[in-house]
Amino acid sequence: MKPPFSSSLLLILLPFIVLIIFMYSEEFSCILCQLDPSVSSQQHISDTPNIRKNMEKLPFAIGETEKGCGVFNGKWVWDENRPLYEESECPYITPQSTCQEHGRPDKDYQHWRWQPHSCSLPSFNATLMLETLRGKRMLFVGDSLNRGQYISMICLVHRLIPENAKSMENDGNFAIFIIKDYNATIEFYWAPFLLESNSDVAITHRIVERVVRNGSINTHGKYWKGSDIIVFNTYLWWLSNFSILQGSFDDEVKDIVEVSTEDAYRMVMKSMLSWIKENMDPKKTRVFFTSMSPYHERSIEWGGEPNKNCFNETKMIEDPNYWATDSRKSIMQVIGEEFGKSKVPISFLNITQLSSYRKDAHSSIYKKHWNPLTPKQLANPSSYADCVHWCLPGIPDIWNELLFAKLFYP
């Protein structure tokens, strides 16, 4: 009987078989496919690109994630033991995220945890985190969403620190949580574009015509040097109106050009990766990049009523294939291409899809409003609901659980 494949045909197919195995291995999991099935499977980035290739033990690692476990692929499950802390117990939460204090009547959004399909996330261990930070500096860099993750990290560990052994300081773009007994800091640095911009003043940054200076990452980067663990994010501000400055803000005649969001985002990804390569020692330090935090401003996208948003939403999106119709696809593609080409050791925290289901967990109207609400706004709460930022406790705690998993069990 003639065999179904000749040896010559097998030799022809063998390279393609090897390629498929490589493409679908855990080391190069298809993040774009996880996020949106319609995106071509040829676009790949790893959650820890260019690290597992050489199989060297990473700094701070004490174990490994189970083989075949994609921690960003999973579902939300109800957990009576949640939240990991109470809002009232953490004095560091900003008024942007104190939803209970500002009148939110329900707490269900606090009781969900992320469960990967093929394994379990390690429990967040505040003692381990603090001991790891002894004598070290942990830094979050980016916009207000990254600041939310920074505040979450403080809330997760601060109960173990005596009152007289911790303090919070604000200095320009910095917010610094000092842990005296550990000679450690957890810091946040405001740089919404990572590059220098006219929106870099942490307090007065609400500028309509935003300008970003090309090639200027060292303007901020000089303050990041010496970090042992650094967590970057940048996304939301690139979706607003902005221009690219080719020269200096001090130039009398400024050379300003208009570019697409994708080209501008590619510019900042290249700058960030170049800075990491020049300033972070992969044998001693760890670098993370948190992907885009989704917003829920169009309820029609998840089958809701037109002209509505996250206001009054108390249930998550249950469709596992849900994907909002915004610019995240093209931005993810840029990240995939630039991270895929780079040999810089950086761990990717893919929080986008898992957070996309959680239309129930935004600050909505339950936050401090810096400007008095008008009678017209009060008559229509949807008009002033914040569907970008998140309540705490909440979604940013999950991001930090994923950060914990990738830091200690890459």
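This is a predicted model: local features need pLDDT of at least 70, side-chain atom pairs count only at pLDDT 80 or more; totals for chains, interfaces and linings use all residues.
Where does Ser-342 lie? Its place is the loop between helix H7 (328-341) and strand E12 (347-349). Ser-342 counts as buried because its relative accessibility is 11%, and the cut-off for buried is under 20%.

Strand E12 leads on to the sheet. Seven strands form this open sheet, in the order E4-E5-E6-E3-E8-E11-E12. The pairing is mixed. Strand E4 (166-171) and E12 stand at the edges. Each has a single partner strand, so one side of each is left without a neighbour in the sheet. On average, neighbouring strands are turned by 15 degrees against each other, direction ignored.

Now take strand E8, residues 229-232. In the order of the sheet, E8 stands between E3 and E11. Strand E3 (residues 137-142) runs parallel to E8, and four bridges join them. Here Met-138 stands opposite Ile-229 of E8. Strand E11 (residues 286-290) also runs parallel to E8, again with four bridges. On this side, Val-231 has Phe-288 in E11 as its bridge partner.

Which way do the residues of E8 point? Ile-229 and Val-231 point one way, while Ile-230 and Phe-232 point the other way. All four are buried.

Helix H10 (residues 395-408) lies across E3, E8, E11 and E12. Helix H10 runs at about 145 degrees to E11.

Methods
Residues are numbered from 1 along each chain as its sequence is written. Side-chain values use heavy atoms; hydrogens and water are left out. Buried means under 20% relative accessible area, exposed over 50%, partly exposed in between (1.4 Å probe, protein chains only). Helices (H or I, at least four residues) and strands (E, at least two) are DSSP runs, numbered from the N terminus. Two strands pair if DSSP finds at least two bridges between them. Axes are lines fitted to C-alpha atoms, for helices over the stretch in contact, and angles run from 0 to 180 degrees between N-to-C directions. Contact means heavy atoms within 4.5 Å.
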